[in-house]
Amino acid sequence: VLVLVLVILLGTCDPAAACAEEDDPVAALWDRRRDAIHGAMTATGASSAESTWERVAARLDAHAGALRAGSLAACAAHRRGERSDELQARHASCLSGQLVALKVLTDALAGADARTVEGALLAVGELPPPAACDDLEGLPAAIVAAEDPAVAAEAGLRREQLLAARLAVTMRRASEGLAIAAPLLARARELGDRPVEVEVAGIIGSLRAIAGDPAAAELALTDAVWLADLVGDDELLARHLAALLRVIGVDRPAEALRWRRHAETVIARLPAGSRGAAELVAAIGSLLGATEPGPAQALLQKALALAEAQDGAEHERVAAVLGELGELALRQGELPAARASLTRALAIHEARLGPDHLRVAAVLRSLAAVDGGSGDGVAAEGRLARALAIQEASLGREQGALDGPRVSASEGVRQDL
């Protein structure tokens, strides 16, 4: 009996065991929604639904496991007295943000349609890494909830809406995103919440571009650029400016390049590892491709190095820059260089998104042009046939048979960098 009592007492004193008995919010957001999300994705009838689900499930299993392990480790360290209340509060605040991001994503997947299936793996790839919460000294102070429950609830809702608007850009869901972002922007302006106002203004510009309204996109992004400049947020300034340059550059590249000096000044102010800097470098490189291929290639190589340093060599953002490098080399008739970049981009897309994704089809078309330029008509024909099959399966026979795909080999640079 005494031994049993000691075992019970020791068990209750074990910090890890005590933490494991607490509520697991990750289970509610993922584990218990798994079957419903699987059913929603397969019910879309999308040809790639099941294969996409398998990849999504594997990555969200790993993500949820990492979140859970980090939370348990932090809790145990705090109970052992190894972590101060302040540092534990920082970790809890960071974890709360991670959980909101997971909720927004799983909400979207639970209401899946064919477009959701197409963007699901891209969205999973944009989840903040759980390890980001481990750098306790580098984390901002914990967010203090408002005393008024109604105010606190609204703040939480705005946080969730901001993440949902970002997700709409990643998944290219313009109408849904605008329905969230427009009232969110109005409310941010009413409250004088400049950080949210600056970000959402840029999101609306990107959504307008996705919706095929470049004039409205240009207006929104120009407003976002000056707002970011006004509040001194160079990271968002760089991202919004990169998006603006790409929108203007479609039809008026010379006009877009008038922003070049401003862009280079912003890049110089940003620290190493800035995603905004990588986006802006790539945007300038893309604009210079037609008139200054040498400097364009150098800038895109720099953007590639930045993307690899930030995300690793196998990330979709890396594939996006490789696509731009490959297309630039193809236009210059540098076929071996084009093949090398595009082949690597294809391998990343197939590994990250699966063999039947539209981005795979886009790169296959570019590689077919390389094959044709190299005199290998048989290989070119095979790649084009595979690209067409992917497009028809994803878009339907009529849309898939159109001359060009909806995306290019460099598609996604705007949001993937």
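Which residue just after α8 takes a positive phi? That would be Arg-172, with a phi of about 60 degrees.

Okay, quick ground rules before I go on. This is a predicted model, where local features need pLDDT of at least 70, side-chain atom pairs count only at pLDDT 80 or more, and totals for chains, interfaces and linings use all residues. Residues are numbered from 1 along each chain as its sequence is written, and side-chain values use heavy atoms, with hydrogens and water left out.

So, back to helix α8, residues 149-170. When I say helix, I mean a DSSP run of H or I of at least four residues, while strands are runs of E of at least two, and the numbering goes from the N terminus. At 1.5 Å a residue, the 22 residues of α8 should span 32 Å, and its end C-alpha atoms are 32 Å apart, which agrees. That expected span is 1.5 Å times one less than the number of residues.

Several α8 residues are buried, among them Leu-162, Leu-163, Ala-164 and Ala-165. Buried here means under 20% relative accessible area, exposed means over 50%, and partly exposed is in between, using a 1.4 Å probe and protein chains only. Arg-158 is on the buried list too, at 18% relative accessibility. Its side chain meets that of Glu-154 in a salt bridge, 3.4 Å from N to O. By salt bridge I mean a side-chain nitrogen of Lys or Arg within 4 Å of a carboxyl oxygen of Asp or Glu. Glu-154, at 25%, counts as partly exposed. Arg-158 and Glu-154 are 4 residues apart in α8, so they are separated by about one helical turn. As a reminder, an α-helix has 3.6 residues a turn, so residues three or four places apart point the same way.

How many salt bridges are there by this rule? The count comes to 33. Let me show you one that links distant parts of the chain: Asp-107 sits in helix α6 (residues 85-110), Arg-33 is in the loop between α3 and α4, and they are 74 residues apart. Their closest N and O atoms are 2.8 Å apart. Both ends are partly exposed, Asp-107 at 31% and Arg-33 at 22%.

Next up is Asp-223 with Arg-189, a salt bridge at 3.0 Å. This pair also links distant parts of the chain, with Asp-223 in α11 (residues 214-231) and Arg-189 in α9 (residues 174-191), 34 residues apart. Asp-223 is partly exposed at 34%, and so is Arg-189 at 41%. There's a network as well: salt bridges that share partners join Arg-33, Lys-103, Asp-107 and Glu-160.

Now over to Glu-324, in helix α17 (residues 316-331). Buried or exposed? Glu-324 is buried, with a relative accessible area of 9%. Its side chain makes a polar contact with the side chain of Ser-286, at 3.2 Å. A polar contact is a pair of N or O atoms within 3.5 Å; within protein, one must be able to donate a hydrogen and the other to accept it, and residues adjacent in sequence count only if both atoms are side-chain atoms.

Last stop, the lining of the largest cavity. Helix α7 gives the largest share, 3 residues.
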